[in-house]
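Hello,

Please find the structure below, for you to open alongside this message. My notes follow it.

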Amino acid sequence: MIELLDILTVLGVVLLLVVLRAIRREHIRVEHSVSWLAAAAALIVLSRSGTLLEEAARRVGADEPALILLMLILIVFLGVFYRFSRIVSELKDMNITLTQRVAILEFLLKEKNGQA
């Protein structure tokens with residue numbers, strides 16, 4: 001169990017560094033990075049809190065505290081993916097609306113110039 005928790009800590013640190021590097025290089029917007037930074041911080045903190053995980057595993061009835069952490073990671077990352085799916089869907093709808101407005105403006109401009 002200790003090795004798995006150590007691996008999860010390293011993964012949390014790697015995720016944190018990747019997100020910070022993406023922010024620095026402007027590959028990701030700051031407002032979109034908050035979810036990933038929170039997920040990385042939660043991963044690091046939970047993987048280092050052995051007694052908290054053991055207590056949670058005891059209450060749930062799981063044999064391994066690492067399973068509780070993996071379940072929490074799954075829940076957190078599903079939440080992050082859902083949030084970004086909503087953002088992408090909203091951007092797609094806005095893109096369609098913008099494309100339609102540009103097409104209408106081009107039509108009106110051609111009609112005004114007598115090209116329609």
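At 49% relative accessibility, R48 counts as partly exposed. That class sits between buried, under 20% relative accessible area, and exposed, over 50% (1.4 Å probe, protein chains only). Before the rest, some ground rules. This is a predicted model, with local features needing pLDDT of at least 70 and side-chain atom pairs counted only at pLDDT 80 or more, while totals for chains, interfaces and linings use all residues. Residues are numbered from 1 along each chain as its sequence is written, and side-chain values use heavy atoms, with hydrogens and water left out.

R48 pairs with D6 in a salt bridge, and their closest N and O atoms are 2.6 Å apart. A salt bridge here is a side-chain nitrogen of Lys or Arg within 4 Å of a carboxyl oxygen of Asp or Glu. D6 is in helix α1 (residues 2-24) and R48 is in helix α2 (residues 30-48), so the bridge ties together parts that are 42 residues apart in sequence. Helices are DSSP runs (H or I, at least four residues), numbered from the N terminus. D6 is also partly exposed, at 34% relative accessibility.

**Other salt bridges**

How many salt bridges does the structure hold? There are four. Side chains of opposite charge can pair when their charged atoms come close.

- E31 and R29 meet through their side chains at 2.6 Å, N to O. E31 is partly exposed at 40% relative accessibility. R29 is exposed at 54%.
- R59 and E55 form a salt bridge at 3.0 Å, N to O. They are four residues apart in helix α3 (residues 50-60), and so about one helical turn separates them. R59 is exposed, with a relative accessible area of 67%. E55 is partly exposed at 30%.
- E55, R58 and R59 are linked in a network of salt bridges.

**The core**

The largest nonpolar core has 15 residues. Such a core is a set of buried Ala, Val, Leu, Ile, Met, Phe, Trp, Tyr and Cys residues joined through side-chain atoms within 4.5 Å. Which members touch the most others? They are L5, L8, W36, L53, L69, I73 and F77. Each of α1, α2, α3 and α4 supplies at least two residues of this core. The largest share is from α4, with seven residues.

I73 is in contact with L8 and L43, leaving aside neighbours within four places in sequence. Contact means heavy atoms within 4.5 Å.

V80 is buried, at 6% relative accessibility. Not counting residues up to four places away in sequence, V80 touches S35 and W36. V80 and A38 are 42 residues apart in sequence, and their C-alpha atoms are 9.7 Å apart in space.

Helix α2 has 19 residues, which should span 27 Å at 1.5 Å a residue; its end C-alpha atoms are 27 Å apart, in agreement. The expected span is 1.5 Å times one less than the number of residues. The buried residues of α2 are S33, S35, W36, A39, A40, L43, I44 and S47.

Helix α4 has 48 residues. From first C-alpha to last, α4 reaches 71 Å, close to the 70 Å expected. Buried in α4 are P65, A66, I68, L69, I73, F77, V80 and F84.

**Surface patch**

I104, L105, F107 and L108 make a nonpolar surface patch of about 410 Å². Patches use residues with over 30% relative accessible area and no salt bridge; like charges are joined within 9 Å, and nonpolar side chains (Val, Leu, Ile, Met, Phe, Trp, Tyr) within 5 Å. Accessible areas come from the Shrake-Rupley method with a 1.4 Å probe, and for residues only the protein chains shown count as cover. L108 is in helix α4 (residues 65-112). L108 is partly exposed, with a relative accessible area of 43%.

**Backbone points**

Two residues have positive phi.

- E26 is not a glycine, yet has a positive phi of about 60°. E26 is in the loop between α1 and α2. At 71% relative accessibility, E26 is exposed.
- G114 follows α4, with a positive phi near 80°.

Best wishes
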